[in-house]
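Subject: Structure for you to look at

Hi,

Here is the structure I promised to send over.

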Amino acid sequence: MSGFLKSSIGRKVAMALSAFFLMFFLIIHLAVNITSIFSEDLFNKLSHFMGTNPLVQFALQPVLIFGVVFHFVMGFVLELRNRKAIGVSYAKNNGAANSSWMSRNMIYSGLVILAFLVLHFIDFWIPEINVKYIQGDMSGLVEETQDFRYYEELQHKFLSPLRVGAYVISFVLLALHLLHGFTSAFQSMGATAGRKKAMQTFGKIYAIAIPLGFIIVAVWHHFNHH
Amino acid sequence: MNLTLKIWRQKGPEDKGKLVDYKVNDISEHMSFLEMMDVLNEQLIEQGDEPVAFDHDCREGICGMCSMYINGEAHGPDRGVTTCQLHMRMFNDGDTIYIEPFRAAAFPVIKDLVVDRTAFERIQQAGGYISVNTSGNTQDANAIPISKHAADEAMDAATCIGCGACVATCKNSSAMLFVGAKVSQYALLPQGQVEAADRVRNMVAQMDLEGFGNCTNTGACEIECPKGISLENIARMNREFLSASFIDS
Ligand code: SF4
Ligand code: FES
């Protein structure tokens, strides 16, 4: 076990495991976001629960942050090692003849997603941490109205067309990342499943539907401000 | 047909090397790519120039010696063939063809288009065998029942000729298709079970030591492999490695 993460296959497996975790998280995150379109009340309640439940905050959140950081760091490590393994590049290389654009550019789609996450942290996570743990206001309420603040804040964020644009671009890149990543994760785990037709179709649906869901939420709030 | 060739020339391992343009005329579409190279080399020798060094041996697609990265693809644009089996009819009159050596840090250039693929030999030596007692009372292999399915898959894996096209093609210079095939051909058979855990551990360790990159499942190797070795062999190697690391350790 000791040298597992030092071996090429061990790293692949670790990459895949963190990917599965992050793909599962995306479903939960989207499910919460989608409620904001149908019910302000439900979205507020869910947000408050997620934001204040000790299990979510102090157990799941650190695991999530670790998962994200791990996936990125390991991705960079693998990319650097692979660049070293190439040595001299070809004068003419026809990559499109045998592989998809997505599979050849995971590092670039990943970098855009990383940039997005930085923006996302500054946008939502840091203000949340500030209000809750630095100012110590765990009520989740707006002082004047005594209503929940989450829906308000969400609507406010998506007023800016620049932010909505950045979100849309990032989620398109996430879709491209997932179009390769979903089935690739199975293959790395040694599962034949990733190359089965049904799983590939499911992977494509997942890779497009999840980012599209996030895009719809952002665009919906941009145009339905009240 | 008349062709312009852009060929990588490199005097030796230390030389920097560069692409040099050559013209060959009246090439028959029935020639193999290596025969076209022979025509060029005769031309160069007549002119008193140094012929282009390239690897070849059987010239019938079984030895795995011929290499070459032709117009951006290992063994050229055709599928399921080695360079010796590639016909000039895949090209058109007036074409410009790039001819480069297989590239990977673990496959250093020896001269021109000849690369050192002994890293593959060392991976094989690390575990690509079974230990059989040959003292005279060796059991007939056919005495051990093997399912048709397993026998077929093992045979498919064993058709790997160790050409290195998978590495040359891979954007990560990963050798996992080759190693996957070599691990699988034994993992699928009862004779391979005894040393299975050590085999996969040692072969993967040697593969990493040689400086091959990490598979990111682009699938390019499977498409460029002249023997149609399937990605399933990489998945199987991953499974073998996982069980060797966590179950049989
Ligand atoms: S797996 Fe295919 S491409 Fe790779 S060495 Fe074997 S025969 Fe050549
Ligand atoms: S020369 Fe033997 S495979 Fe091409």
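Below is what turned up, starting with chain A and ending with the ligand. Please keep in mind that this is a predicted model.

Chain A
Chain A is built from 8 helices and has 0 strands, so I can give you its order of elements in one go, from the N terminus: α-α-α-α-α-α-α-α. Along the principal axes, its C-alpha atoms occupy a box of roughly 65 × 40 × 35 Å.

Two helix pairs in chain A
Packed helices are described by the angle between their axes and by the distance between those axes. Take H1 (residues 8-38) and H2 (residues 40-52) of chain A: their axes come within 6 Å and cross at roughly 145 degrees. On the H1(A) side you will find A:Ile28, A:Val32, A:Asn33, A:Thr35, A:Ser36 and A:Phe38, and these meet A:Glu40, A:Leu42, A:Phe43, A:Leu46 and A:Met50 of H2(A). By type, the residues of this contact are 7 nonpolar, 3 polar and 1 charged.

The other pair is H5 (residues 106-134) with H6 (residues 150-157), also in chain A, with axes that come within 12 Å and cross at roughly 145 degrees. The crossing of H5(A) and H6(A) is right-handed. H5(A) brings A:Asp123, A:Phe124 and A:Glu128 to the contact, while H6(A) brings A:Tyr150, A:Glu153, A:Leu154 and A:Lys157.

Where the chains meet
How many residues does each chain put into the contact? Chain A gives 36 and chain B gives 47. Between them the two chains bury about 3,300 Å², with 54% of that on carbon and sulfur atoms. If you go looking for salt bridges between chain A and chain B, the count is 0.

Around ligand 1
Ligand 1 is surrounded by 13 residues, and the closest are B:Cys160, B:Cys163, B:Gly164, B:Cys166 and B:Cys225. Two helices of chain B, H4 (165-169) and H5 (176-187), each supply at least two residues of this shell. The shell divides into 11 nonpolar residues, 2 polar and no charged.

Happy browsing, and do write back with any questions.

Best wishes

Definitions and conventions
Residues are numbered from 1 along each chain as its sequence is written. Chains are lettered from A and ligands numbered from 1 in the order in which they are written. This is a predicted model: local features need pLDDT of at least 70, side-chain atom pairs count only at pLDDT 80 or more; totals for chains, interfaces and linings use all residues. Side-chain values use heavy atoms; hydrogens and water are left out. A residue is near a molecule or strand if one of its heavy atoms lies within 4 Å of it. Helices (H or I, at least four residues) and strands (E, at least two) are DSSP runs, numbered from the N terminus. Ala, Val, Leu, Ile, Met, Phe, Trp, Tyr, Cys and Pro count as nonpolar, Asp, Glu, Lys and Arg as charged, and the others, Gly among them, as polar. Axes are lines fitted to C-alpha atoms, for helices over the stretch in contact, and angles run from 0 to 180 degrees between N-to-C directions. A crossing is left-handed if the near helix is turned anticlockwise from the far one by less than a right angle, and right-handed if clockwise. Contact means heavy atoms within 4.5 Å. Buried area is the accessible area (1.4 Å probe) that two parts lose on being put together, summed over both. A salt bridge is a side-chain nitrogen of Lys or Arg within 4 Å of a carboxyl oxygen of Asp or Glu.
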